[in-house]
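Subject: Structure for you to look at

Hello,

Please find the structure below. My notes on it follow.

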Amino acid sequence: TFFVRAAGDSMTGAGIRSGDILVVDRSLEAWNGAIVIACVDNEFTVKTLRSDGRSWYLQPANRKYKAITFSGERELKIFGVVTAVIHQFIHTSGKTTASGPGSE
């Protein structure tokens with residue numbers, strides 16, 4: 001198991017935002033529909049692994065991006081399956097204010 005920080009917006013529809021920390025399990029075998037860390041043309045990416053029954057492809061979770069298909073010399077290497085996402089809460093100020101039950 002290892003951790004990796006996400007960059008970019010290709011997986012926002014799956015709840016993965018830029019800056020999130022992904023928990024990745026290398027011991028799991030990837031399956032159709034798993035979110036994976038893959039290496040394509042020597043670049044790492046996080047996408048959903050999909051199969052149409054004839055071939056595999058990597059599907060983003062943002063309509064701005066196209067699926068990554070594999071034909072010819074393009075090679076797909078799966079490095080692990082994403083098992084969790086850690087989001088950081090972003091606060092607009094350093095102040096903490098209490099309101100609601102028990103804050104009187």
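Strands β1 (2-5) and β4 each contribute at least two residues to the lining of the largest pocket. The model is a predicted one. β4 provides the largest share of that lining, with 4 residues. In total 16 residues line the largest pocket, and those nearest its centre are Ala6, Ala7, Phe44, Thr45 and Val46. By class, the lining consists of 10 nonpolar, 3 polar and 3 charged residues. The volume of the largest pocket is about 250 Å³.

The other item concerns aromatic rings. The count comes to 1 aromatic pair. Phe44 and Phe79 form this pair, with ring centres 4.9 Å apart and an angle of 65° between the planes. The arrangement is edge-to-face because the angle of 65° is over the cut-off of 60 degrees. The pair connects distant parts of the chain, as the two residues are 35 residues apart. Phe44 belongs to strand β4 (residues 43-51), and Phe79 to strand β7 (residues 76-86).

As for accessibility, Phe44 has a relative accessible area of 57% and is therefore exposed, the cut-off being over 50%. Phe79 has a relative accessibility of 24%, so this residue counts as partly exposed; buried would require under 20%.

Regards

Definitions and conventions: Residues numbered from 1 in each chain as written. Predicted model: local features only at pLDDT ≥ 70, side-chain atom pairs only at ≥ 80, totals over all residues. Heavy atoms only, no water. Phe/Tyr/Trp six-rings, centres within 6.5 Å; stacked < 30°, edge-to-face > 60°. Buried < 20%, exposed > 50% of the residue type's maximum accessible area, 1.4 Å probe, protein only. 1 Å grid on protein atoms, 1.4 Å probe; cavity = no way out; pocket = protein on both sides within 12 Å on 5 of 7 lines; lining within 4 Å. Points joined across faces, edges and corners; volume = space filled by probe spheres on them. Nonpolar A, V, L, I, M, F, W, Y, C, P; charged D, E, K, R; others polar.
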